[in-house]
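The exercises below ask you to read a protein model step by step.

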Amino acid sequence: MSVLPLVFTSGWASGINAYAVVLLLGVFGATGVSDAVPESLQRPEVLVTAAVLFLCEAVADKIPYVDSMWDSVHTLIRPAAGAWVGAVLAGHSGSLNDVAAGLIGGSTALASHTVKAGTRMAINTSPEPFSNIVVSLAEDLGVGAIVSFAMFHPQAAAIIAAVLLAAGLTILFFLVSRIRRFLRRRAQLREEKRLASQAGGPPNRPPW
């Protein structure tokens with residue numbers, strides 16, 4: 001059986017929460033739930049690192065504006081993680097070229113990361129923090145459920161991931177105005193902070 005559906009699903013999930021994907025796949029492999037998981041994902045140091053970073057993301061992802069900063073930092077990390085997971089899954093399976101799997105996993109992760117980051121920018125235009133918590137929990141639960149489902153029904157999970165990705169890109173299109181509002185607000189805050197730091201600096205002294 002081709003590993004392509006699992007590569008696609010893990011790539012989509014990595015764009016939302018790469019650490020959860022690595023942790024789940026590693027646990028499934030280490031516990032014998034699936035033999036499709038390579039040894040490199042089951043190593044104790046990989047699992048511990050993924051668990052710690054997952055906890056960090058679980059906190060940062062629920063705080064307004066902090067979540068967008070976290071997304072900015074992970075613009076390269078999530079696609080790279082999706083490409084790596086896809087490549088090692090393909091290498092373990094032997095049914096798909098490593099480079100092709102890496103490109104599929106990385107590009108899918110980049111697309112879903114774009115949806116996640118853009119949606120968070122739109123959400124951060126609202127003054128209340130509860131929507132961030134609700135969306136973050138929904139993302140965590142969705143990633144966990146679909147990656148788990150992919151262990152037993154990879155084709156069906158890949159179809160669900162594709163539908164969710166297409167829906168997310170469509171929603172993102174309609175949120176462009178709110179995203180622009182968030183970016184303007186962030187630029188305004190940076191300018192206010194810069195002016196405040198200049199006003200509070202040491203007074204100008206004459207050269208003599």
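**Exercise 1: The largest pocket**

The largest pocket of this predicted model has a lining of 17 residues, and those nearest its centre are Trp12, Ile16, Val115, Glu139 and Leu164.

Task: State how much space lies in the largest pocket, which helix gives the most to its lining, and how the lining divides by class.

Solution. 
- Step 1. The space in the largest pocket is about 380 Å³.
- Step 2. At least two lining residues come from each of α1 (4-30), α5 (98-123), α6 (130-152) and α7 (154-174).
- Step 3. Helix α6 gives the most to this lining, namely six residues.
- Step 4. Sorted by class, the lining of the largest pocket holds eleven nonpolar, four polar and two charged residues.

**Exercise 2: The chain as a whole**

Task: Determine how many helices and strands the chain has, and what share of its residues count as buried.

Solution. 
- Step 1. There are eight helices and zero strands in the chain.
- Step 2. Read from the N terminus, the order of elements is accordingly α-α-α-α-α-α-α-α.
- Step 3. The C-alpha atoms fill a box of roughly 75 × 40 × 30 Å along the principal axes.
- Step 4. The chain has 208 residues, and 43% of them count as buried.
- Step 5. Among contacts in the chain with a separation of 6 or more, 75% are between residues 24 or more positions apart.

**Exercise 3: Two helix pairs**

Task: Classify the packing of α2 with α3, and then that of α5 with α8, from their angles.

Solution. 
- Step 1. Helix α2 (residues 44-60) packs with helix α3 (residues 66-73) at an angle of about 140°, and their axes are 8 Å apart.
- Step 2. Angles over 145 degrees count as roughly antiparallel, and those of 65 to 115 degrees as roughly perpendicular. The helices α2 and α3 are therefore oblique to each other.
- Step 3. On the α2 side, Leu53, Cys56, Glu57 and Ala60 meet Val66, Asp67 and Trp70 of α3. By class, this contact of α2 with α3 has five nonpolar, no polar and two charged residues.
- Step 4. For α5 and helix α8 (residues 176-199), the angle is about 70° and the axes are 8 Å apart. This makes α5 roughly perpendicular to α8.
- Step 5. Gly118, Met121 and Ala122 of α5 make the contact with Arg178, Ile179, Phe182 and Leu183 of α8. By class, the contact of α5 with α8 has five nonpolar residues, one polar and one charged.

**Exercise 4: Two individual residues**

Task: Decide whether His113 is buried or exposed, and do likewise for Ser93.

Solution. 
- Step 1. His113 lies in helix α5.
- Step 2. A residue is buried under 20% relative accessible area and exposed over 50%, with partly exposed in between.
- Step 3. The relative accessibility of His113 is 3%, so His113 counts as buried.
- Step 4. Apart from its neighbours within four places in sequence, His113 is in contact with Gly15, Asp71, His74, Thr75 and Arg78.
- Step 5. Ser93 has its place in helix α4 (residues 77-93). Its relative accessible area is 34%, so Ser93 is partly exposed.
- Step 6. Ser93 and Ala36 are 57 residues apart along the chain, and their C-alpha atoms are separated by 6.7 Å.

Key:
Residues are numbered from 1 along each chain as its sequence is written. This is a predicted model: local features need pLDDT of at least 70, side-chain atom pairs count only at pLDDT 80 or more; totals for chains, interfaces and linings use all residues. Side-chain values use heavy atoms; hydrogens and water are left out. On a 1 Å grid over the protein atoms alone, a cavity is a set of points where a 1.4 Å probe fits but cannot get out, and a pocket is an open set with protein on both sides within 12 Å along at least five of seven lines; lining residues have an atom within 4 Å of a point. Grid points are joined across faces, edges and corners, and a volume is the space filled by probe spheres set on the points. Helices (H or I, at least four residues) and strands (E, at least two) are DSSP runs, numbered from the N terminus. Ala, Val, Leu, Ile, Met, Phe, Trp, Tyr, Cys and Pro count as nonpolar, Asp, Glu, Lys and Arg as charged, and the others, Gly among them, as polar. Axes are lines fitted to C-alpha atoms, for helices over the stretch in contact, and angles run from 0 to 180 degrees between N-to-C directions. Angles under 35 degrees count as roughly parallel, over 145 as roughly antiparallel, 65 to 115 as roughly perpendicular and the rest as oblique. Contact means heavy atoms within 4.5 Å. Buried means under 20% relative accessible area, exposed over 50%, partly exposed in between (1.4 Å probe, protein chains only).
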